[in-house]
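Colleague: I would like a close look at a single part of this model, followed by a walk through what surrounds it. Please keep it brisk.

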Amino acid sequence: MSSKQPAITARNLSKLFRSQKQKTFKEMLPALIGKGKKGVMDSFWALREVSFEIAKGESFAIIGPNGSGKSTLLKILAGVTQQTQGEFVVNGRIAPLLELGAGFHPDMTGRENIYLNSIILGSTKEETKKIIEDIIDFSEIREFIDQPVKNYSSGMYVRLAFAVAIHTQFDILLADEVLAVGDEKFQKKCLAKMEEFKARGKTIVLVTHNTKTVKEFCQRALYLRYGKEISCGEAEEVAARYLEDMA
Amino acid sequence: MSILTAFTLKQNRQLLWELTLREIRQRYKQSVLGYFWVILSPALQMVVMSFVFSFVFKLADVGVPYSIFLFSGLLPWTLFSTSLQAATGSLVSNAGLIRKIYFPREILVLSNILAKNIDFFLSTTVFIAMMFIFRIPVTFHVFWVIPILLIQNLLTYGIGLMLSAFNLFYRDIQYLINLILLLWMYLTPIMYSVSIFPEKYRWIFRFNPMAIFVNAYREVVLSGGWPNFTSLGLALFLSLVLLGVGFKIFKKLEGQFADVV
């Protein structure tokens with residue numbers, strides 16, 4: 001791609017999930033200071049030594065069957081959870097579209113929730129004020145915007161959440177299966193928006209099951225299985241390999 | 001990650017404020033009296049307890065009308081206990097946010113404490129009215145309330161950080177804290193004055209920061225005197241140590257929050 005600084009560099013990222021089942025209260029305190037008996041806990045590696053580099057402006061897909069560690073990887077990149085081993089560097093501001101409307105409050109109106117969610121996603125109130133009309137337009141629910149979101153249909157809810165998320169200022173978009181929201185018409189709109197971001201040189205990291213999206217939209221892809229990298233490279237090739245395995 | 005990041009970054013400040021507002025808004029939705037409950041419930045509690053302790057048990061003379069004596073201790077105690085309970089549950093009740101988006105998690109703990117402080121200010125209106133009704137003389141010493149309240153909040157924040165993090169791993173904490181708060185309340189001179197407490201056990205109050213705060217509030221508001229600076233200094237020291245330790249534990253565990261919530 002280019003010789004510029006990459007948007008994301010990840011080296012040997014690993015994530016060990018520990019189950020607490022066998023931990024008792026009296027074992028908790030020693031575990032805090034790092035002296036806990038780690039052997040007695042149930043654990044599994046959700047991610048094992050995954051390395052990759054995503055260039056600025058690149059559209060990058062992460063594919064794999066359920067439970068392959070895709071979402072875990074995205075969560076690590078978003079800073080929601082911490083890797084057990086390895087390291088990564090992110091250059092630029094991230095917009096995480098992990099789950100839409102996570103910060104929505106049912107009793108607050110659509111408008112109030114736009115402000116709240118936008119600030120949670122890292123914008124300031126002033127920034128939000130400037131773009132609130134665009135957000136409302138994009139969500140197509142202007143007539144309901146001053147009603148509590150608990151009265152919204154699930155489609156309206158997701159549309160509003162998506163509209164807020166994509167209107168934040170960002171350099172890197174982390175999206176987890178979000179292209180599957182709303183009806184067909186809205187999905188087309190979302191895809192068009194993604195194309196627009198791509199054209200504007202934004203970096204997009206997409207977690208998906210849909211190999212069609214991968215082939216059409218992304219330049220490169222990473223294929224994960226049981227937390228391990230199976231292949232990483234040209235989107236077409238990686239998607240083909242994935243389809244082959246799934247068949 | 002500094003302990004002050006929640007305040008120094010504009011964006012964090014706004015997030016703190018928005019989450020506080022959300023906390024307040026959601027509480028009394030769909031109730032007829034709405035936010036008026038915040039004022040009503042401590043006032044009613046005060047009336048009932050005044051009746052029990054001044055007519056039924058006939059406590060020794062405390063220098064001012066008993067109801068106002070009681071209320072002056074009950075209000076800051078209610079602030080402490082409700083904010084500590086809310087802080088302890090703050091991470092668990094915001095599981096949805098923690099799993100999806102990163103922001104400094106201590107903002108969740110802080111916003112819960114801040115919301116209870118707003119409740120506290122509203123419920124003091126009844127107290128202020130009572131001060132006028134009973135014609136209690138007020139001096140400039142009343143402004144000492146501000147630093148005392150600040151130290152009290154430091155203490156709450158420090159303990160709240162620890163408990164909220166532990167509560168994610170062991171939900172027992174939120175039940176345990178209710179019990180501890182109940183015992184703690186009886187070991188704090190809220191319903192009684194220090195003078196009726198057996199002398200040989202009074203040392204308890206010297207190491208109970210809430211007792212130090214309650215005594216200090218009463219001294220500056222009801223008696224118009226100086227607070228006891230030695231005790232207050234000790235309470236400040238203890239609060240800062242707990243805050244330092246609490247923050248350190250909180251940040252050490254923060255990376256695992258999303259996995260265990």
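Colleague: Start with B:Glu106. Is B:Glu106 buried or exposed, and why does it count that way?

Modeller: One caution before the answer: this is a predicted model. B:Glu106 counts as buried, because its relative accessibility is 0%. The cut-off for buried is under 20%. B:Glu106 sits in helix α6 of chain B, which covers residues 106–133.

Now its partners. Neighbours within four places in sequence are left aside here. B:Glu106 is then in contact with B:Ala6, B:Tyr157, B:Leu161, B:Phe247, B:Phe250, B:Lys251 and B:Glu254.

Take one of these, B:Tyr157. B:Tyr157 lies in helix α7 of chain B, residues 145–169. B:Tyr157 also counts as buried, because its relative accessibility is 6%. Its contacts, with neighbours within four places again left aside, are B:Glu106, B:Val109, B:Leu110, B:Ile113 and B:Leu243. There is also a distance to check from this residue. B:Tyr157 and B:Leu168 are 11 residues apart along the chain, and their C-alpha atoms are separated by 17 Å.

For contrast, turn to the surface of chain B. B:Phe55 lies in helix α3, residues 36–56. B:Phe55 counts as exposed, because its relative accessibility is 56%; the cut-off for exposed is over 50%.

Next, chain A. Chain A has 8 helices and 9 strands. Of its 247 residues, 51% count as buried. Consider contacts in chain A between residues at least 6 apart in sequence: 70% of them join residues at least 24 apart. Chain A exposes about 11,600 Å², and carbon and sulfur atoms supply 49% of that area.

Helix α8 of chain A has 12 residues, 235–246. At 1.5 Å a residue α8(A) should span 16 Å, and its end C-alpha atoms are 16 Å apart, so the two values agree. The buried residues of α8(A) are A:Ala235, A:Val238, A:Ala239 and A:Tyr242. These residues cover an arc of only 100° around the axis, so they lie on the same side of α8(A). An α-helix has 3.6 residues a turn, so residues three or four places apart point the same way.

What lies over that side? The cover of the buried residues of α8(A) includes β3 (59–63), α7 (211–217), β8 (220–225) and β9 (228–234) of chain A. The face of α8(A) turned away from the buried side carries the exposed residues A:Glu237 and A:Glu244.

Phi of A:Tyr226 is near 50°, a positive value in a residue other than glycine. A:Tyr226 counts as exposed, because its relative accessibility is 64%.

A:Asn12 has a phi near 50°, again positive in a residue other than glycine. A:Asn12 lies in strand β1 of chain A, residues 8–19. With a relative accessible area of 40%, A:Asn12 is partly exposed.

Methods
Residues numbered from 1 in each chain as written. Chains lettered and ligands numbered in written order. Predicted model: local features only at pLDDT ≥ 70, side-chain atom pairs only at ≥ 80, totals over all residues. Heavy atoms only, no water. Helix = DSSP H or I, 4+ residues; strand = E, 2+ residues; numbered from the N terminus. Buried < 20%, exposed > 50% of the residue type's maximum accessible area, 1.4 Å probe, protein only. Contact = heavy atoms within 4.5 Å. Areas by Shrake-Rupley, 256 points an atom, 1.4 Å probe, with all protein chains shown as cover. Expected span 1.5 Å × (residues − 1). Arc of directions from axis to C-beta.
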